[in-house]
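Please read the report below alongside the sequence and the three-dimensional view.

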Protein chains: 2
Amino acid sequence: MAPVEEAATVRYADAAGLPDALRGADVLFVWDFLSTAVPDAWPAADRLQWLHIASAGVDPVMFPGLRDSDVTLTNSRGVFDNPIAEYVLGLIIAFAKDFAGSLDLQRAGTWRHRETERVGGKRALIVGTGPIGRTIARMLTAAGLSVAGVGRRARDGDPDFGTVHASDDLAEHIDWADYVVAIAPLTEKTKGMFDRRMFGAMKRAARFINVGRGELVVTEDLVDALRAGELAGAALDVFETEPLPGESPLWTMDNVLLSPHMSGDVVGWKDTLVEVFVGNFQKWLAGERLDNVVDKELGYVPMGAGPPYQEDRK
Amino acid sequence: MAPVEEAATVRYADAAGLPDALRGADVLFVWDFLSTAVPDAWPAADRLQWLHIASAGVDPVMFPGLRDSDVTLTNSRGVFDNPIAEYVLGLIIAFAKDFAGSLDLQRAGTWRHRETERVGGKRALIVGTGPIGRTIARMLTAAGLSVAGVGRRARDGDPDFGTVHASDDLAEHIDWADYVVAIAPLTEKTKGMFDRRMFGAMKRAARFINVGRGELVVTEDLVDALRAGELAGAALDVFETEPLPGESPLWTMDNVLLSPHMSGDVVGWKDTLVEVFVGNFQKWLAGERLDNVVDKELGYVPMGAGPPYQEDRK
């Protein structure tokens, strides 16, 4: 944060201290993106111009006070693309090769050969056509899967997805997929989109992977559908309530793989998130157009808003 | 096997019945490739012209009686390429994202966020430059890893590996790798090549993956090296003794992933193996050159012997 501290007065605050810190501030950098501190402290935002959030999803700050204000909202688009894409590919291979079964058998000291599935030739439907969804599409394609996307508007000839179906028509197309990957932004429109009807329309051999937001899913419907065998498995990195409550049936269900909201969090991610803010802060100081400006009506950065953050691969 | 049964007298035999069945036979199709029945029954092979084995590795039939005979040996090269390549990529992602840790925590009902590693940009050294090793190289490259190969002769500009190091020089190059993948054929030259010295030369953060043959590894040295922290983990699909004995320390070691010799065995693999034999049998009947003829001096099918079996991806 040194470049920011040299150019501006910087106050660091926790939730309790946010109202005092926010008073008189031009810029707010929201680090703990799951906190509800921002809407609670909003009345103190008396001269805020810009809010930057250390996440790709902006749903935690899409409260009416911010949405209806003139405050510019930017996110950390790009930071999580490759880490999450690798994670999703790994989950697909883990299902196909039954890595969980092998580990359970190893822990039990049991040698039991099973047949595995191919990954090549399988079909993945990626619900969400932002930078993370696109990176997932490219990585799965490289591994030999066929992909299609689901976004706001249906279209053909997309460079990453080929075919994109309209999310309104998802129930008609979902049975095409062996793997359904949820990476849509959480908005009023997408909340609860994976419900009883949607799971019932999936192929019984298909698996559901959620690396987006827990609230995209009606968790109870997912549990029921898994119990009824309407789909073959689920891998969940995000949940309606985080941490996942101890009484959730998901913890002990067969064919369910859980992880604690970590799919994008590679070693160094915190430094990268700070770099993204600092880069944008320097643009703000210079009066330049900011990167990753969120369309507050849509709830995400629209296509054509410039490239997302690109890591410098070594 | 119908096309074979129409054209020839076919005898099916288990180990006990093999000597009787082999007497007078022109062709032997070895299905249970780990059986020692063939060397035991060899004196009965009074007119054998051709032996085909339902595996990629031919080490189980490389006994002197066959090696010194005029019997043509063919293998099932190609069948396992893509399944094993997917498996290896999955293991690498499983290490990078700590899937085993997530499953152990899930089984314990514990929510614990950890940071993960990238896969892109990491380095994989693939020891074995046959069709399986090449398919692994292509798949890892597509997933963003850098690869190099290890084969009999050093060379540059290989289409799949770029650089290939000579296996005699492996100890000098092994510290380049984040992942070392063993898929070499088992021969007198490769047996035990992964020993104390080789593990000691690896990066401490590196992992070792064996999808070749257990005997490529001095298991005791691997156990010692893992205990000493000379490498960070191992994923083993093959073992010096299979099934892996219950008393092996590998079962319960941290950072060790075990599976029961199944990396290549996708649903339908048995049908595919029969197809490969039947296709070669039809060539034999027609007096054509057989596919996948093993160089019995080398112990594998040399480069330039024609393309391996290619699946018809759907």
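This is a predicted model: local features need pLDDT of at least 70, side-chain atom pairs count only at pLDDT 80 or more; totals for chains, interfaces and linings use all residues.

Residues are numbered from 1 along each chain as its sequence is written, chains are lettered from A and ligands numbered from 1 in the order in which they are written, and side-chain values use heavy atoms, with hydrogens and water left out.

**Domains and interfaces**

Chain A is assigned domain 1 (2-79 + 266-313) and domain 2 (81-258), with bounds that come from an automatic or database domain assignment. The C-alpha centres of these two domains of chain A lie 29 Å apart. Contact here means heavy atoms within 4.5 Å, and on that rule 18 residues of domain 1 of chain A are in contact with twelve residues of domain 2 of chain A. Between chain A and chain B, 55 residues of chain A are in contact with 55 residues of chain B.

The size of an interface is often given as the accessible area lost when the parts come together. Buried area in the table is the accessible area (1.4 Å probe) that two parts lose on being put together, summed over both, and a salt bridge is a side-chain nitrogen of Lys or Arg within 4 Å of a carboxyl oxygen of Asp or Glu.

| Interface | Buried area | Share on carbon and sulfur atoms |
|---|---|---|
| Domain 1 of chain A and domain 2 of chain A | about 1200 Å² | 54% |
| Chain A and chain B | about 4700 Å² | 60% |

On the chain A side, A:Trp111, A:Arg118 and A:Trp251 lose the most area to chain B, together 18% of what that side buries. Six salt bridges are found across the interface of chain A and chain B. The side chains of B:Arg107 and A:Asp104 form a salt bridge with an N to O distance of 2.7 Å. Across the interface of domain 1 of chain A and domain 2 of chain A, the rule finds one salt bridge.

**Nonpolar cores**

A nonpolar core is a set of buried Ala, Val, Leu, Ile, Met, Phe, Trp, Tyr and Cys residues joined through side-chain atoms within 4.5 Å, where buried means under 20% relative accessible area (1.4 Å probe, protein chains only). The largest such core has 96 residues, and A:Ile136, A:Ile209, B:Ile136 and B:Ile209 have the most contacts inside it. A second, separate core of 35 residues includes B:Val150, B:Phe208, B:Val223 and B:Ala234.

**Helix 11 of chain B**

Helices (H or I, at least four residues) and strands (E, at least two) are DSSP runs, numbered from the N terminus. Helix 11 of chain B (residues 269-285) has 17 residues that should span 24 Å at 1.5 Å a residue, and its end C-alpha atoms are 24 Å apart, which agrees; the expected span is 1.5 Å times one less than the number of residues. Among its buried residues are B:Trp269, B:Leu273 and B:Phe277, and their cover includes helix 1 (2-7) and strand 1 (27-30) of chain B.

**Backbone details**

A cis peptide bond, with omega about -5 degrees, joins A:Glu242 and A:Pro243, and A:Pro243 lies in the loop between strand 10 (233-236) and strand 11 (256-258) of chain A. A:His261, a residue other than glycine, has a positive phi near 45 degrees, and at 18% relative accessibility A:His261 counts as buried.

Key: Buried means under 20% relative accessible area, exposed over 50%, partly exposed in between (1.4 Å probe, protein chains only).
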